[in-house]
Amino acid sequence: MTIVFTGGGTGGHFYPIIAIAEALQDLAREKRFIAPNLYYLAPNSFDEKALFENGISYIRTPAGKMRRYTSVLNITDSFVTLFGVFWALVTLFRLYPDVVMSKGGYGSVPTVLAARILGIPVIIHESDSKPGRANLLAAKFAQKIAISFESAAAFFPEKVRGRIARTGIPIRKALMRVETEGARQYLGLEPGVPTILILGGSQGAMKINEAVLSSLPELVALANIIHQTGQQHFKNVDSVSKVALAKSPNASRYHPFSYLDEMSLQRSAGVADLIISRAGANSIAEIGLWKKPAILIPIPEAVSHDQRSNAYAYAHTGAAIVLEEENLAPHLLVSEVERILKDPELGKRMGASAEGFTDPDAARILANELLRIALSHES
């Protein structure tokens, strides 16, 4: 049995694939199947360690981006995508998988088009409340369409809606639980002080970093700060924070990280009293599972079609508040943080409101469907 995964080049596309792969391995053991051969076709490997640990072989497949603004790169990248389709055709013909699972994003387009040409079954999963163009394209011939937000169904053509099912967002097993035992010592946090976890997505978020740095003395006066800056921003954030906190008696409360691995994220989430985050669907699903109050700062709609609608869909539950990036003044950020941290009952109500938003069985549901299609294709 051979299963191919494909998706764009962000953590929101990549890590749900890892969660599904984990569930596939579990199901294969439970049902006493031979472990499936798993492949990941995309423009980059994103996280080679996660691929290796889950027995997924990576095959580079070129893909060009289609930007939402006028650019000569849209023309040149269309040729990259055409070459990617040819490359994916050769690769899929050689592997001839039983099913292709696409998470969408520009990186998935060559592989799903090649699968269509070769008659290989395709399943797509859409994490966001507003589907991306890659999944809208693939939906026309996908056997199954999995969504995470009910509102996403309305964006797909009416003729495919009978193939749509809400599954939720697949979450890696390690992040389905949080760790509190020894977490404060592990992270070097000051006891007896609230903790804020700041996440900017897999790449970090420069605008959030800037707002945090501008209000850092005020924030550390309120709480410990665990700040995932993004690898490319870490050196700058670290150096600026030292200047900003040079005269602060609470400077030791600030803990910047370029990236939080699974163990660090488990422990950070375990002790966090408040999470400040971008509004990628994957991040929201994890926050919802952890039942933590949140401040969401979506990427503007002109840049990302999905985050703003994700943020407000989640905030509608009462579990989060939304700060638009254009309004992200330091004093407003500090004011909202202070309002939540100084009202423990509000924080509890927000955390409780997340109940049921994230489906912890999403990865297993999708893995079961992949196995079903793969087995029927084999026979």
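Reader: What should I know about the model and its numbering before I start?

Author: The model is predicted, so local features need pLDDT of at least 70 and side-chain atom pairs count only at pLDDT 80 or more, while totals for chains, interfaces and linings use all residues. Residues are numbered from 1 along each chain as its sequence is written, and side-chain values use heavy atoms, with hydrogens and water left out.

Reader: Happy with that. How many helices and strands does the protein chain have?

Author: Helices (H or I, at least four residues) and strands (E, at least two) are DSSP runs, numbered from the N terminus. Here the protein chain has 15 helices and 13 strands. Its radius of gyration, taken over C-alpha atoms, is 21 Å, close to the 21 Å from the globule rule for 379 residues, so the chain is as compact as a globular protein of that length. That rule is 2.2 Å times the number of residues to the power 0.38.

Reader: Which strands make up the open sheet of 7 strands, and in what order?

Author: Two strands pair if DSSP finds at least two bridges between them. With parallel pairing, the order is β3-β2-β1-β4-β5-β6-β7. β3 (56–60) and β7 (164–166) are the edge strands with a single partner each, so one side of each has no neighbour in the sheet. From one strand to the next, the twist averages 25°. Angles run from 0 to 180 degrees between N-to-C directions, and axes are lines fitted to C-alpha atoms, for helices over the stretch in contact.

Reader: Which strands does α1 touch?

Author: Contact means heavy atoms within 4.5 Å. α1 packs on this sheet and touches β1, β2 (37–42), β3 and β4, with its direction at about 160° to that of β1. As for the strands themselves, 4 bridges pair β1 (residues 2–6) with β4 (residues 99–102) in the parallel sense. Phe 5 has Met 101 in β4 as its bridge partner.

Reader: What is the order in the sheet of 6 strands?

Author: That open sheet runs β10-β9-β8-β11-β12-β13, again with parallel pairing. β10 (254–257) and β13 (320–322) sit at its edges and pair on one side only. The twist here averages 15° from one strand to the next. Within the sheet, β8 (residues 195–199) and β9 (residues 224–228) run parallel and are joined by 5 bridges, with Ile 196 opposite Ile 225 in β9. Helix α10 (residues 262–271) packs on the sheet, where it touches β8 and β9, and its direction makes about 135° with that of β8.

Reader: How much space lies in the second largest pocket, and in the largest cavity?

Author: On a 1 Å grid over the protein atoms alone, a cavity is a set of points where a 1.4 Å probe fits but cannot get out, and a pocket is an open set with protein on both sides within 12 Å along at least five of seven lines; lining residues have an atom within 4 Å of a point. Grid points are joined across faces, edges and corners, and a volume is the space filled by probe spheres set on the points. The second largest pocket holds about 490 Å³. Among its 20 lining residues, Tyr 15, Asp 47, Ala 50, Arg 172 and Tyr 259 are the closest to its centre. The largest cavity has about 60 Å³, and its lining includes Ser 148, Arg 166 and Asp 359.
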